[in-house]
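Please examine the sequence and the model shown below. The paragraphs that follow lead from the strands to a helix and then to a group of aromatic rings.

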Amino acid sequence: LSTHEFALASPEWEAAFGGASSYISDLGVHPAFRRLGLAASLCAATLARARDRDFTDVFLHVEETNTAARALYEAFGFSAVEDCPAALKLYQALALDQGPLNLLYRLRLSEPLTPLSK
């Protein structure tokens, strides 16, 4: 959970999304340990930390073809961000235009808690 990625896209980022955003740069589980709920536990813990630190939004990028990860994030309330200049600048600054298509996802932390907390 970090914030330094947004400095790469300022001032456009702050104008579009505000300044209390955090970013999940990597969340992964070794193939031998998948389907055990570990990714959901990691995601829930990360979101709890973001709430504790008073972030208003959490962003992440996910490969368009990674349907399992997209389903996980969507279950937590993340949704894809529409293309905009700030998102494009972040995408380019992180060099995500060098590989597979990545989608920017956003979770507004003012929304209900994660599925694991119900």
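In which sense do strand 3 and strand 4 pair, and over how many bridges? The two strands are antiparallel, and two bridges join strand 4 to strand 3, which comprises residues 79–80. Within this pairing, Ala 80 lies opposite Tyr 105 of strand 4. The model under discussion is a predicted one.

Strand 4 also pairs with strand 2. These two strands run antiparallel as well, and seven bridges connect them. Here Arg 106 of strand 4 has Phe 59 opposite it. Strand 4 is mostly covered, since six of its seven residues are buried.

Attention may now turn to helix 2. Which residues of helix 2 are buried? They are Ala 40, Cys 43, Ala 44, Thr 46, Leu 47 and Ala 50. Because these residues cover an arc of only 165° around the axis, they lie on the same side of helix 2. The partners against which they pack are strand 1 (21–24), strand 2 (57–63), helix 3 (67–75) and strand 4 (102–108). Just after the helix, Asp 54 adopts a positive phi of about 65°.

Seven aromatic pairs are found in a search of the whole structure. In one of them, the ring centres of Trp 13 and Phe 17 are 4.4 Å apart and the ring planes meet at 40°, so this pair is tilted. Trp 13 and Phe 17 both belong to helix 1 (residues 12–17), and because they are four residues apart there, about one helical turn separates them. Both Trp 13 and Phe 17 are buried.

Trp 13 forms a further aromatic pair with Phe 59; this pair is edge-to-face, with 4.8 Å from centre to centre and 75° between the planes. It links distant parts of the chain, for Trp 13 is in helix 1 and Phe 59 is in strand 2, 46 residues apart. Phe 59, the residue opposite Arg 106, is buried, as is Trp 13. Taken together, ring pairs join Phe 6, Trp 13, Phe 17, Tyr 23 and Phe 59 into a cluster.

Technical notes:
Residues are numbered from 1 along each chain as its sequence is written. This is a predicted model: local features need pLDDT of at least 70, side-chain atom pairs count only at pLDDT 80 or more; totals for chains, interfaces and linings use all residues. Side-chain values use heavy atoms; hydrogens and water are left out. Buried means under 20% relative accessible area, exposed over 50%, partly exposed in between (1.4 Å probe, protein chains only). The arc is that of the directions from the helix axis to the C-beta atoms. Contact means heavy atoms within 4.5 Å. Rings of Phe, Tyr and Trp (its six-membered ring) pair if their centres lie within 6.5 Å; planes under 30 degrees apart count as stacked, over 60 as edge-to-face and the rest as tilted. Two strands pair if DSSP finds at least two bridges between them.
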